[in-house]
Amino acid sequence: MSQKQTSVQLVDLQTVANTTYDVVIVGAGISGAVVAKELSEQGNQVLILEAGSYKDLTLAGFQSYVNTFYTAVEKDNNAPFPRNPNAPSPRSPDVSKLIPGQTDARNYLVQQGPLALDSSYTRVTGGTTMHWEGKTPRMIPDDFKTRTLHGQGLDWPMEYDEIMPYYRIAENELGISGSVEDQKAIGVPFKEGYVYPMQNMPPSYLDQKVAEKLDDTKIELNGETYQLEVKTFPQARNGVPHPDYNQGKGFIPDKLTSVHPVEYGERCQGNANCTPLCPVQAKYDARRTLGKAFRTNRVHLLSQAVASKIEINSENGHVTAVQFKHYQDSDSPQHTTATAKGRLFVIAANAVENARLLLASGIKSTSGLVGKNLMDHPYMLAWGLMPKATGTMRGPICTSGISAFRQGSFRNQQAAFAIDIHNDGWGWATGSPYSEVLDIVNNKNKYGQELRQELISRISRQLLLAFMIELPADPSNQIAIDPKYTDRLGNYRPLVSFNVPDYCRQTFAYARHVSRLIFQRTGAEDCTHYDPTDYGYFTYKGEGYTFKGGNHYAGTHVMGTNKHNSVVDKYQRSWDHKNLYLVGAGSMPTIGTSNTTLTLAALCFISTEQMMKDLKSQELRHAVV
Amino acid sequence: MSIDRSQLMKHFLDFSVVVTGFSKFNLQGTDQVAAYYATIEKVVGDEILAELLRTFHRLAEQATGNQLIMDRGMRTDIFGSEKLGPIARNIIKLWYVATWYQLPQSWRDNFGVKENDVTFVVSPQAYPEGLLWPAIGVNPPAAKAPGYGTWSSPPVITLR
């Protein structure tokens, strides 16, 4: 193997206390990893503070996550990661229905309602890419100007053309398998001749069976005709390298980083478990990028260090240090409080934790928008049984979908949506296949051969459609803090207020209508039902629906054109604090109908160019700390 | 191992074949027979487990290969027994998803709360051996991957 092996530079408190870094980064997820890699490769000394543990970087540590997942009764997104009361992560099984007007503070994420949000993120080295699915569609040009075009949400301070080259950089970094043709067909522009680094993941047999009945059929909406086409999704998953990539130079997928001499990152082999863990590490996660950062030997990692306060020089508004609480053992609240000093500070702890840390530091920004405009993708699920066995539960969780309704004039009245065809069956909606086993054994009184046949009949035909619905920025959806609610280390806990506006509820109603048409056209038996006792249940025009969170937290420090309409500029630099960058999906003014990770990675590549200029500037070169 | 326990272990394997619909060969191939036996013993105690397996053995001897008689006996004396039914159903679940599910409240009220009777997955080794996955022609999620692109092919299982 030609690549140099990774050596992680773990540091102790003493080293951190005695060093003034060029850059201090809070959070070892994908944003922090991209920034650390880019800036260290250009000669800067970087410190990363990570709230969670570091064991992810060892092969043994990763294997322990796999085993924890195997033995977890609840196999939710955070199932592989042991609970850590010193840096808790939200978990969907903890969420329960809210009582109107009452705050639910039983779990880390304090729910203020009116709707309970079950989205999670993961506070470990590698961040939420340690559990993400890996779907990486670009946003479409209209998504960058929804206020201008549709009178909804916010406009970006940049257009698609400006971010397009950085999408290519991000797609290289993440190692995307995808079909440019499929994406072009749904309205995503690409540079002439561009191909993704790797060829698209082959569509599942289920995709093919849906496409046979659905492709080229049409649906009318507001006098416009929308054609249904099943198209593959780009994904951050090792596939077959594309020979035409990079002017025919091809592409070699990154291997996983590990401090042990095993760099493991195989081609996808159909483990059917992209979320939360790919056991052969075919799925990209931020450890790959962290590995490149560590190879520069200019990056220090201090794990189990929870940032608690950003310290500001009141005279010039510069950040002077990040205060953090360092613990030795997640079983004990014992910790040491210390500070990390540097010239440039990058807060990359995700949209919720970034807002929490800023608010805990008294930083509300001139615009007052820190923590406001919280976005996520509310998902509506619809599920049915295909007429014949499709062998559901094989392959990557999702290989294809229908993107006809990602753009159109209807966005003046109702939100856009994209449809995923789930290869993993009804699990997200009903708890299948476990729920099927329990029902067939406990209630249907089947055993032996009858049991086996019943399982095939009920699981192998499952079709789950997930409707990802656009949610525009709205200041009343927000993350806040309150001294009443702190965690075991005494850090503020995030308080979430969340609602789904009528603009989106109308899309739930419409999406349900579309789901019925799809089931009718595919001959699938519609088994969808929404339970009023579900925590995501709400009504619209007399009909009930259930939403699920998309784990795509965004918007809590939006970028914009000036300090009055936004928290950061288009480089994700704080308007109020010249040496402070707030990076990640929190900067995004809209999220359209795209999973956020690819776009936030592209934004980080834009930011690092500006960070380099800042670090060389007179003002920061001699920054007095 | 005492002669009695080794005899009961054999009954356990025979019982498992009948309730799971998988062959003795398949079940032994999971390498979980002893682990599951020990798990059940640890949760409900050896007496109840022995009662279940002796009941099964008696039914099998009486049925002398007659499926109808066996099914009636299984349904009446085992699945339809207030004491043995919930344990028999739990053994099916154990085989299918490697999980012991806490017994129903009514069982606990009538036959006593057992200290180890909580819902748990037996072990990281047991999880990939669940019979659910071969039953529906797929790999256990996150284990035993079938290979790149296999998901594009028609399934091997069929509806009857």
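Helix 2 and helix 15 of chain A pack against each other: Ile30(A), Ser31(A), Val34(A), Val35(A), Glu38(A) and Leu39(A) in helix 2 meet a set of residues in helix 15 that includes Leu600(A), Phe605(A) and Met612(A). Keep in mind as you look around that this is a predicted model.

**Helix 2 with helix 15 in chain A**

- Two packed helices are described by the angle between their axes and the distance between the axes.
- For helix 2 (residues 30-41) and helix 15 (residues 597-616) of chain A, the axes come within 9 Å and cross at roughly 35 degrees.
- The crossing of these two helices is right-handed.
- On the helix 15 side, the residues that meet helix 2 also include Thr597(A), Ala601(A), Cys604(A), Thr608(A) and Met611(A).
- How many residues of this contact are nonpolar, polar and charged? The contact of helix 2 with helix 15 has ten nonpolar residues, three polar ones and one charged one.

**Chain A as a whole**

- Chain A holds 16 helices and 21 strands.
- Its C-alpha trace spans about 70 × 55 × 50 Å along the principal axes.
- A compact globule of 625 residues would have a radius of gyration near 25 Å, and the 23 Å of chain A agrees with that.
- Of the 625 residues in chain A, 58% are buried.
- If you take the contacts in chain A between residues at least 6 apart in sequence, 74% of them join residues at least 24 apart.

**Chain B as a whole**

- Chain B has eight helices and two strands.
- Reading from the N terminus, the order of its elements is α-α-α-α-α-α-β-α-β-α.
- The radius of gyration of chain B is 17 Å, close to the 15 Å that the globule rule gives for 160 residues, so chain B is as compact as a globular protein of that length.
- Along the principal axes, the C-alpha atoms of chain B fill a box of roughly 50 × 40 × 35 Å.
- Buried residues come to 37% of the 160 residues of chain B.
- Among contacts in chain B between residues at least 6 apart in sequence, 49% link residues at least 24 apart.

**Helix 3 with helix 4 in chain B**

- The axes of helix 3 (residues 33-44) and helix 4 (residues 46-63) of chain B come within 7 Å and cross at roughly 120 degrees.
- Why are helix 3 and helix 4 of chain B called oblique to each other? Angles of 65 to 115 degrees count as roughly perpendicular and those over 145 as roughly antiparallel, and the crossing at roughly 120 degrees therefore makes the pair oblique.
- Ile40(B), Glu41(B) and Val44(B) in helix 3 meet Asp46(B), Ile48(B) and Leu49(B) in helix 4.
- By class, this contact has four nonpolar, no polar and two charged residues.

**Where the two chains touch**

- In the contact between the chains, 46 residues of chain A meet 41 residues of chain B.
- Helix 3 (59-70), helix 12 (434-442) and helix 13 (448-459) of chain A each supply at least two residues of the side that touches chain B.
- Which helix of chain A gives the most to that side? Helix 13 does, with nine residues.
- The side of chain A that touches chain B has 24 nonpolar, 18 polar and four charged residues.

**Residues to find for yourself**

- Asn350(A) lies in the loop between strand 11 (335-347) and helix 10 (351-360) of chain A.
- Is Asn350(A) buried or exposed? Asn350(A) counts as buried because it has 27 C-beta neighbours inside 10 Å, where 20 or more are needed.
- Beyond its neighbours within four places in sequence, Asn350(A) is in contact with residues including Gly27(A), Tyr121(A) and Tyr553(A).
- The peptide bond from Gly113(A) to Pro114(A) is cis, with omega near 5 degrees, and Pro114(A) sits in strand 4 (residues 110-114) of chain A.
- Another cis peptide bond runs from Thr275(A) to Pro276(A), with omega near 0 degrees, and Pro276(A) is in the loop between helix 8 (245-248) and helix 9 (287-294) of chain A.
- Asn297(A), a residue other than glycine, has a positive phi near 60 degrees, and is exposed, with 12 other C-beta atoms within 10 Å.
- Ala142(B) has a positive phi too, near 80 degrees, but Ala142(B) counts as buried, with 22 C-beta neighbours inside 10 Å.

Terms used. Residues are numbered from 1 along each chain as its sequence is written. Chains are lettered from A and ligands numbered from 1 in the order in which they are written. This is a predicted model: local features need pLDDT of at least 70, side-chain atom pairs count only at pLDDT 80 or more; totals for chains, interfaces and linings use all residues. Two residues are in contact if their C-beta atoms, placed from the backbone, lie within 7 Å. Helices (H or I, at least four residues) and strands (E, at least two) are DSSP runs, numbered from the N terminus. Ala, Val, Leu, Ile, Met, Phe, Trp, Tyr, Cys and Pro count as nonpolar, Asp, Glu, Lys and Arg as charged, and the others, Gly among them, as polar. The radius of gyration is taken over C-alpha atoms; the globule rule is 2.2 Å times the number of residues to the power 0.38. Axes are lines fitted to C-alpha atoms, for helices over the stretch in contact, and angles run from 0 to 180 degrees between N-to-C directions. Angles under 35 degrees count as roughly parallel, over 145 as roughly antiparallel, 65 to 115 as roughly perpendicular and the rest as oblique. A crossing is left-handed if the near helix is turned anticlockwise from the far one by less than a right angle, and right-handed if clockwise.
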